[in-house]
Amino acid sequence: MNILTILGSPRKKGNTAGALDMVEQELSGWHQVERLALASVKVNGCLGCEACQKVTDRPGCVQKDDAVAVFERMMAADAVNKTVIPFCTTPDALGEDARTAARKLAGDISGVLRQ
Ligand SMILES: Cc1cc2nc3c(=O)[nH]c(=O)nc-3n(C[C@H](O)[C@H](O)[C@H](O)COP(=O)(O)O)c2cc1C
């Protein structure tokens with residue numbers, strides 16, 4: 001399987017990265033593993049304009065950021081492992097960015113992601 005791991009910590013060499021290293025090491029014995037560090041991509045917050053909801057055949061976000069590229073890498077993988085850390089009991093900002101990337105897509109496509 002092609003597995004995409006998503007590092008949700010802003011620290012690329014922090015505790016989360018260390019834990020993810022161990023997971024990836026185990027997985028790489030059987031699978032093709034590729035990591036995406038959310039700290040390396042730019043996903044702007046949702047503007048709430050709802051333009052994306054009017055487009056059903058492609059990602060319809062009006063913002064030109066990396067959200068679509070993140071989404072396409074997730075869709076190309078057979079499995080996705082997202083590792084997010086708690087900051088004040090909720091996912092940190094980058095973890096929220098990943099959720100925003102999914103939300104910012106057209107209704108049909110984001111429905112696939114929720115499955
Ligand atoms: C601002 C801030 C808030 C945090 N809030 C929580 C929390 O609510 N619950 C928790 O278990 N850990 C919390 N932590 C601890 C981090 O999740 C923990 O240190 C984590 O290992 C940091 O990951 P990193 O090394 O990849 O940056 C918080 C850390 C920071 C800096």
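Let us begin with helix H2, which spans residues 67–76 in this predicted model. Its buried residues are Ala67, Val70 and Phe71. Viewed down the axis of H2, these buried residues fall within an arc of 95°, so they line one face of the helix. An α-helix has 3.6 residues a turn, so residues three or four places apart point the same way. On the other side of H2, Glu72 and Ala76 are exposed.

Which residues does leucine 7 contact, if its neighbours within four places in sequence are left aside? They are Lys12, Thr16, Ala17, Leu20, Arg35, Ala37, Leu38 and Thr83.

I turn now to the ligand. The residues around the ligand are Ser9, Arg11, Gly14, Asn15, Thr16, Ala17, Ile85, Pro86, Phe87, Cys88 and Thr89. Helix H1, residues 15–27, and strand E4, residues 86–87, are the elements that give two or more residues to this shell. The largest share, 3 residues, comes from H1. Sorted by class, the shell around the ligand holds 5 nonpolar, 5 polar and 1 charged residues. Thr16 and Ala17 belong to this shell, and both are also in contact with leucine 7.

Where does glutamate 50 lie? Its place is in the loop between strand E2, residues 32–37, and H2. Is glutamate 50 buried or exposed? It counts as exposed, because it has 9 C-beta neighbours inside 10 Å.

Finally, the chain as a whole. Its secondary structure comes to 4 helices and 5 strands. Read along the sequence, these elements follow the pattern β-α-β-α-β-β-β-α-α. The chain has 115 residues, of which 21% count as buried.

Notes
Residues numbered from 1 in each chain as written. Predicted model: local features only at pLDDT ≥ 70, side-chain atom pairs only at ≥ 80, totals over all residues. Buried ≥ 20, exposed ≤ 12 C-beta atoms within 10 Å, placed from the backbone. Arc of directions from axis to C-beta. Near = placed C-beta within 6 Å. Nonpolar A, V, L, I, M, F, W, Y, C, P; charged D, E, K, R; others polar. Contact = placed C-beta atoms within 7 Å.
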